[in-house]
Amino acid sequence: AAANTRKSRGNALPMTALRRRTEPMKIFGKGINDTENAKDYQTWHSMLRRCYSSLYKKDKPTYHNCEVCEEWLHFSVFREWYAANNKANWELDKDLLIPGNKTYSPETCIFVPRWLNCFKNTGSRNSLKKGVKRSGTKFTARIHDPDKGPTHLGTFPTEDEAHAAWRKKKKELLLRKEQEIRGIDERIFENLKNWLESESEF
């Protein structure tokens, strides 16, 4: 029997091909864009890229084993949550509410200012302790202050001294921003405080 086809401009096109044309293309093999693209689409797309792009995770290994909850694989569902929770120029975060969390979901994610989203970042990729860079035979420390920008903390003879200066300034910054952070979510301040006081983290 002849294959089930539909004529298109004089050419026979198999129905299986027609179905492939109308089915939504999955983003990184997982996400389903089942609505119109909009500004919130980039946030959704970036979230999927962090979890399911092997090239991205090769460059950012901290995202190894990260995943997106089943419901957020549909853009339309994520879009509703985005509209209800997003604030202009804030960023999506998955582990400030629950330290070590690897799953993007409505229960684990929150929008925060960029400086807060980057609070744990050191700005460097090396084997030295957090906040420390080598400078010849000595070591430098610096932080990013959301009110002052990149701030040089000094040059020190040892890695431990440079790290101690970075950690001390981070604690000062956390206390200075305490009310702002608590206003976003109480858990974030307590989690960051515990992070800075934990020897195992450093």
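The largest pocket of this predicted model has a volume of about 1600 Å³, where a pocket is an open set of points on a 1 Å grid over the protein atoms alone, reached by a 1.4 Å probe and with protein on both sides within 12 Å along at least five of seven lines, and where the volume is the space filled by probe spheres set on the points, which are joined across faces, edges and corners. The lining, defined as residues with an atom within 4 Å of a point, comprises 46 residues, of which Asn 117, Cys 118, Lys 120, Asn 121 and Thr 122 lie nearest the centre of the pocket. Two or more lining residues come from each of helices H2 (39-52), H3 (54-59), H5 (114-117) and H6 (159-176) and of strands S6 (91-93), S9 (132-135) and S10 (138-145), with H5 giving the most, at four residues. By class, the lining of the largest pocket holds 18 nonpolar, eleven polar and 17 charged residues; here Ala, Val, Leu, Ile, Met, Phe, Trp, Tyr, Cys and Pro count as nonpolar, Asp, Glu, Lys and Arg as charged, and the others, Gly among them, as polar.

The second largest pocket has a volume of about 280 Å³, and of the 15 residues that line it, Thr 43, Tyr 82, Trp 90, Glu 91 and Leu 92 are the closest to its centre. Both H2 and S6 supply at least two residues of this lining, H2 giving the most with five, and the classes are represented by five nonpolar, six polar and four charged residues.

Residues are numbered from 1 along each chain as its sequence is written. Because the model is predicted, local features need pLDDT of at least 70 and side-chain atom pairs count only at pLDDT 80 or more, whereas totals for chains, interfaces and linings use all residues, and side-chain values use heavy atoms, with hydrogens and water left out.

The protein chain has eight helices and eleven strands, assigned as DSSP runs (H or I of at least four residues for helices, E of at least two for strands) and numbered from the N terminus. Helix H2 has 14 residues and reaches 21 Å from its first C-alpha to its last, close to the 20 Å expected at 1.5 Å a residue, the expected span being 1.5 Å times one less than the number of residues. The buried residues of H2 (under 20% relative accessible area, with exposed meaning over 50% and partly exposed in between, for a 1.4 Å probe and protein chains only) are Asp 40, Tyr 41, Thr 43, Trp 44, Ser 46, Met 47, Leu 48, Arg 50 and Cys 51. Asp 40 counts as buried because its relative accessibility is 8%, and, not counting residues up to four places away in sequence, Asp 40 touches Phe 75, Phe 78, Arg 79 and Tyr 82, contact being heavy atoms within 4.5 Å.

In H6, the end C-alpha atoms are 26 Å apart, which agrees with the 26 Å that its 18 residues should span at 1.5 Å a residue. Ala 162, His 163, Ala 165, Trp 166, Arg 167, Lys 170, Leu 173 and Leu 174 are buried in H6, and the buried residues of this helix pack against S9, S10, strand S11 (149-156), helix H7 (178-184) and helix H8 (186-197).

Glu 71 is found in the loop between strand S5 (67-68) and helix H4 (75-85) and, at 40% relative accessibility, counts as partly exposed. Leaving aside neighbours within four places in sequence, Glu 71 is in contact with Val 77 and Pro 106.
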